[in-house]
Amino acid sequence: MGDVLGTWSVGVGFLLGIAVLTLKDWLGAKAKVLLDFLYRRFAGSRLLRRAALAKYTHEVYRRHKEFPVSFQVDEALKLPMASVYVPLRGGSGDQLAASLREARHSVVLGVPGAGKTMLLRHEALMWARHRIREGRRRVDLGELRGIPVLLELHRLNKDATAGLEQHIVRHFERHGFPRAGTWVAGALDRGDLALYLDGLDEVNSDIRDRIVDMIKDFGETHPECRLVVTCRVAVYEGQFTEFHQTLRVQDFDEHLIRRFLGGWPWQAGTASDSVEQLLGALRDTPQIMSLTRNPLLLTMIAYLYDFVYAGTDQVLPHTRSEFYKQVIDNLLIDRRRQSVFPHPLKKAVLRRLALVAQDVPSDTHDRLALPEAVVLSTTRTVLERQGRDPLQAEEVIREIAHRSGLLLVVDNGERYQFAHLTLQECLAAIELAAEPQALLRRYTADPQAWRETVRLWCGVEPHDSSEVIRQVFSGDPVLAFQCLADAHTVDSSLAQEIVEHFQDRLEYGDEQTVTAFSVVASDPGHIGAQAFDFLWVTVRSAANSGLVNAAARALAGTNLPRAAAKLALAAREPSEPAWQSLITMGDLAVPAFITRAQSSTHAIHALWSIRTPKAALALNELLWTCQDPEVELLCAFHLGELLTVPEIASELCRAPVPGDAQCMDWVWGPFAQGPEDALIKIAGKIAAILDRLEPQAIEARSGLPTPDPRIIVPLVAFGAATEVEHVGNHVVAGSISLHTAEWISPRRKALRDLLPPHTQKSVNFLLAYEPRITSRASWDAPTQSTRFDYSKSPHYRFLVMVSLALSGVAAWRALQAATGEWGWGPSWLGAASLIQIVGGWLVLVSQGALVNSRALRKFGLMSLFTCTEAICRPRGSHRYTEWSSLWSIATVGLLPVVCTYSYVALMQPYGVFAATLAALFVLGSYLSVHARAALLDARAWMKESGTVRMILEDLV
């Protein structure tokens, strides 16, 4: 009987093999359809839940790793989130991302283009990025907390009757996790989700109150879930006062502007030059520099500079009005696609729409957004004046909104608004260029709404602005003063009268006056030169300290190189107004402080405060050339801290360093970008300076900036390795005390105390438990390529094959016992054993046991222990309790069943002695192969990662 079955099985197997080869593609397609159907049907089940979450993680990562430029729909213009995103700051200067994690419920407010949506997308991307790496299929889900759900609130306009829970379930379905209802309900109860609700302002106004109540109810029902709502400032009416915090996105400063431009994907080989050239051009045009504070406008500037100005003679204009005109013209002219409507027609439509929007009174709620009906009606009027078919109004608006980005669709298409208020004001000024009286009537009726438009009007066309400025001066002298910088032509006596008026007011030091003086003094014309000279004379010779401080701030606000040179002459001590004002000028102030650094240690701190690559390069030069030990030490502390700034570290990689310098160059080995990386020498020099300090000297400088932990950690860990004594008594409740470190030298202890608390704890743990790897070899090792993947090694494959072979023998005997062909035990026992073997291996395969040794060990060899541990843990103390116990129950009997049936299968034909010898041989082979592989894995881990993996994973 067995021979017949064997012959038939071989024949059938041969025919099946031919059929499979012939129909491989067809079978593959059908199998994929079947698997997709089964996945969609059972994705929410316990069996496939983790696979569905892994797919969700992949989809979140794919969708958010790049983002499209809002004013261009071309796929090629998608920007990499990792390099371009700049951490946004709130009113207190703290990073908004960190603030969101500190509170359960938050509201984030900002003007259009401030980066609210980008903040939420970046949070979702970071969650996924920690669990997946580019090019990898497997996902390490880790602890399932804070699972991001980025829900655009405009989706609720289509179905406001559905609850937030239903919209969350639909969100997971759109991201590759169908039928997630049951799991979502449990995740909400456990507080595992982080719900990011983007764009309350995009909810239709007639249902907005209902949606607000829905969000409030959701927050009360699920208080453990993180809840973040974003909204435009103009729309928000304090609906969520009961939330833990309300944050407002702040404008970019010069440091963040540089960081954004440094991450922009410039054309190949031009990144460094383009950033410096653009920053130089912006400094020469202070009025335009102020626009870069808004992320959206900064993106427009970078786009124009990279895609429009590149390869041409075009340069940034010197006035805001001209710049806005260039932005508008270049965004309206789509060079990659054939436009249906001509540029002049679209610009005429935008000008008229801007005027209509500006005419909305300033006290109107959400005055920036125009209803769709008003937009279409205005467009039809313009089309009729141009001799066009008014029925084309919708097509014109669609082309403007989708291709230029100047007009944004809000409130789910019910309203439109300009991408930035200043663009609207500029277009309104152009529309009224030949109508100064119409402009003045509007300004008189609503000064708050029309102030900026009046300023722009003075510069959009080369007309005489004297009459407009004269009338404005009688009611708003500050505005008239600002208009002097924008105007092409102004009566000289009027200009003199205005300047003299503000010379008398400057001593009061109010911000409006100081800013106005900066704007006027930066103008290259006669009036600007007069204001500049007055400020310099005041800084140099005035006795009134308040007047000197205001004049110094105004000079710094011009962002002119000659202003930096003048302030440098007056900045003799840190207490003087000129010194502090000079620091605010950024790179323009670096040369002045370099000359003072040899004689004034305060100049080193000033260079550090500037926090730009140019300032860091100046500190690096001082580090290598200065002979004064105190200056050298201060440079080490300040420059060491600047290494934590990515763009500065990137620039220092190419910094000039002495080739024969003696330093601890091994310190930066794990982080070097190659053997030519200058940071190897720079960090080594800093480490050498720190290493020779006495404990008292380190403690005396606790007020200085803390150098990069990547420099301090090796000094503490490896210098202390030989000083470690018995430290088991320092372990309390599973953690290392930070205050019982008598087992390291005072010098290392003083250095260690400079580290953040969590890094101190990691260092203590390493020294207490792993002193054998605290060596130079374990630190240098990350540059070596000695990888060993146990799960992909032949050793592990051998173990899996042995396990499968034994399981096959046991399954065959269990089948015979179940059918009565083999009389060993009752038939029900054989059937149950067969089900256990097949079911257990299905679970193991679903958990990746064929390629993951941890899965086989946890759910196969140690399933009984894992099951007991998971069941006995208190609820909530382990995030995997549910699935750990489930999978372990399914495999808990696999090991005894396989061992028993395979042993009996050998015992009956060959006897107990032979079966026992065979079992011992298999067990010995199993253990020896596993031990050898584990040894190779441990050696490779120590060589490959060593201390870096244990201490610095969060710092690399």
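Is Asp389 buried, partly exposed or exposed, and what is its relative accessible area? In this predicted model, Asp389 has a relative accessible area of 36% and is therefore partly exposed, since that class lies between the limits of 20% and 50%. Asp389 is found in the loop between α16 (372-385) and α17 (393-403). Together with Asp206, Glu372, Glu394, Glu395 and Glu414, Asp389 forms a negative surface patch.

Leu34, Leu35, Phe37, Leu38 and Phe42 make a nonpolar surface patch of about 480 Å². Leu38, one of these residues, belongs to helix α2 (residues 24-42). Its relative accessibility is 32%, so Leu38 counts as partly exposed.

From the surface, the explanation turns to a strand. Strand β3 (residues 105-110) is mostly covered, and six of its six residues are buried. In a regular strand, the side chains alternate between the two faces of the sheet. In β3, His105, Val107 and Leu109 are on one side, while Ser106, Val108 and Gly110 are on the other; both faces are covered. Strand β3 has a parallel partner in strand β6 (residues 226-232), to which six bridges join it. Within this pairing, Val107 stands opposite Val229 of β6. Strand β3 also pairs with strand β7 (residues 245-248), again in the parallel sense, over four bridges. Here Ser106 has Gln245 of β7 as its bridge partner.

Charged side chains provide a further set of contacts. The structure holds 29 salt bridges. In one of them, Asp587 and Arg258 meet with a distance of 2.6 Å from N to O. This pair links distant parts of the chain, 329 residues apart: Asp587 is in the loop between α28 (577-583) and α29 (590-597), and Arg258 is in helix α10 (residues 254-263). Asp587 is buried, with a relative accessible area of 4%, and Arg258 counts as buried at 6% relative accessibility.

A further salt bridge joins Glu632 and Lys685, whose closest N and O atoms are 3.2 Å apart. Glu632 lies in helix α32 (residues 629-642) and Lys685 in helix α34 (residues 679-691), so the pair ties together parts that are 53 residues apart in sequence. Both Glu632 and Lys685 are buried.

The salt bridge between Arg572 and Glu576 has an N to O distance of 3.6 Å. Arg572 counts as exposed, with a relative accessibility of 57%, whereas Glu576 counts as buried at 18%.

Methods. Residues numbered from 1 in each chain as written. Predicted model: local features only at pLDDT ≥ 70, side-chain atom pairs only at ≥ 80, totals over all residues. Heavy atoms only, no water. Patch = residues over 30% accessible without salt bridge, like charges linked within 9 Å, V, L, I, M, F, W, Y side chains within 5 Å. Areas by Shrake-Rupley, 256 points an atom, 1.4 Å probe, with all protein chains shown as cover. Salt bridge = Lys/Arg side-chain N within 4 Å of Asp/Glu carboxyl O. Lys, Arg positive; Asp, Glu negative; His and termini not counted. Charge placed at Lys NZ, Arg CZ, Asp CG, Glu CD. Helix = DSSP H or I, 4+ residues; strand = E, 2+ residues; numbered from the N terminus. Buried < 20%, exposed > 50% of the residue type's maximum accessible area, 1.4 Å probe, protein only. Pairing = 2+ DSSP bridges.
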